[in-house]
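Please open the structure in your viewer and keep the selection panel at hand.

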Amino acid sequence: MGKFTNEDIARYYDLSRTHYERMWDLQRSRSLHYGYWDKTTKNFHEALLNINKVLADKAGIDKDMYVLDAGCGVGGSSIWLAKNRDCRVKGISLSQQQVAIATASAAAENLQDKASFDCEDFTKTSYTSESFDRVWAIESVCHANDKSDFLNEAFRLLQPGGKLVLADFFRKDGLKSADDALIKRWAEGWAIDDFSTRKMFLEKMENAGFTDIKVEDATAHIRRSARRLYLAYFPGKVGGWLYNLTHKKVTVFGKKNIDTAYLQYKSLQKGLWDYLIITANKA
């Protein structure tokens, strides 16, 4: 399959929302990511919220800042930041459905003056240069066909002295053909053209102009979530098979999304990818 379009990505998230609601505590956590398990987290819900604290601390986010949540999903991180760091947040998504859900959730929390949402492409936004103090992205940059497009736009949008903070998946270098095919099957099921390697991504960050780049390998902190998703694969596979029998027009994304629950864990167990948290400055 060729490169996924913005419409493909938005459609993937719209179609898979029910999967996240059933398996991923979506309505309560508003989280579409793996979270971050550590000694402070007692359960899955706490881990999903904890990634927000971890990234906010690394980025030094406080009440005087304006943050761009690039790939905001249903607004969970944006609302957490507005509530817990008292900062202003602009969340953006390719999905009008996600923007509507996020907007309603912010209003329900009486945070609409702090957290607002637009349907925008994070590789070419409509915002003026140097509009934001921080650019934030959790498991969204992987969707950029060319990661440089996101990095260049993030650099443009940041004020001097601003910071980029992100958490995402990175494939290992030099994979064998069978392992490479496994990673690509997983990526395709999530409407991702391909994952970047750490080396390639860091080179693109430097080329975009970022300095003081720091990397944390957080793979150990997401393993429990990856296993949880893997365990959901087995009942999901049976349910999906029954659903496909009675719904002949089920989409390709619908069919492949169930398999990704298995593929992401199998590839993790084989050591084919890492989960990294990266921060970088704009001088």
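The model is predicted: local features require pLDDT of at least 70, side-chain atom pairs count only at pLDDT 80 or more, and totals for chains, interfaces and linings use all residues. Residues are numbered from 1 along each chain as its sequence is written, and side-chain values use heavy atoms, with hydrogens and water left out.

**Helix α3**

Select residues 44-59, helix α3. Helices (H or I, at least four residues) and strands (E, at least two) are DSSP runs, numbered from the N terminus. The 16 residues of α3 should span 22 Å at 1.5 Å a residue, and the end C-alpha atoms lie 23 Å apart, which agrees; the expected span is 1.5 Å times one less than the number of residues. Buried means under 20% relative accessible area, exposed over 50%, and partly exposed in between (1.4 Å probe, protein chains only).

At the N-terminal end, display Asn 43, which caps α3 through a side-chain oxygen 3.3 Å from the backbone nitrogen of His 45. After α3 comes Gly 60, with a positive phi near 60 degrees.

**Strand β5**

Now select residues 158-171, strand β5, in which eleven of 14 residues are buried. Strand β4 (residues 132-138) runs parallel to β5 and is joined to it by six bridges; strands pair if DSSP finds at least two bridges between them. Within this pairing, Ile 138 stands opposite Ala 167. Strand β7 (residues 273-281) pairs with β5 in the antiparallel sense over nine bridges, and here Lys 163 faces Asn 281.

**Salt bridges**

How many salt bridges does the structure hold? There are 21, each a side-chain nitrogen of Lys or Arg within 4 Å of a carboxyl oxygen of Asp or Glu. Select Glu 216 and Lys 58, whose side chains meet at 2.9 Å, N to O. Glu 216 lies in strand β6 (residues 211-217) and Lys 58 in helix α3, so the pair ties together parts 158 residues apart in sequence. Glu 216 is buried at 18% relative accessible area, whereas Lys 58 is partly exposed at 36%.

Finally, select Lys 270 and Asp 179, which form a salt bridge of 2.6 Å, N to O. Lys 270 sits in the loop between α10 (252-269) and β7, and Asp 179 in helix α7 (residues 177-189), 91 residues apart.

Note on methods: Polar contact = N/O pair within 3.5 Å; in protein donor to acceptor, adjacent residues only side chain to side chain.
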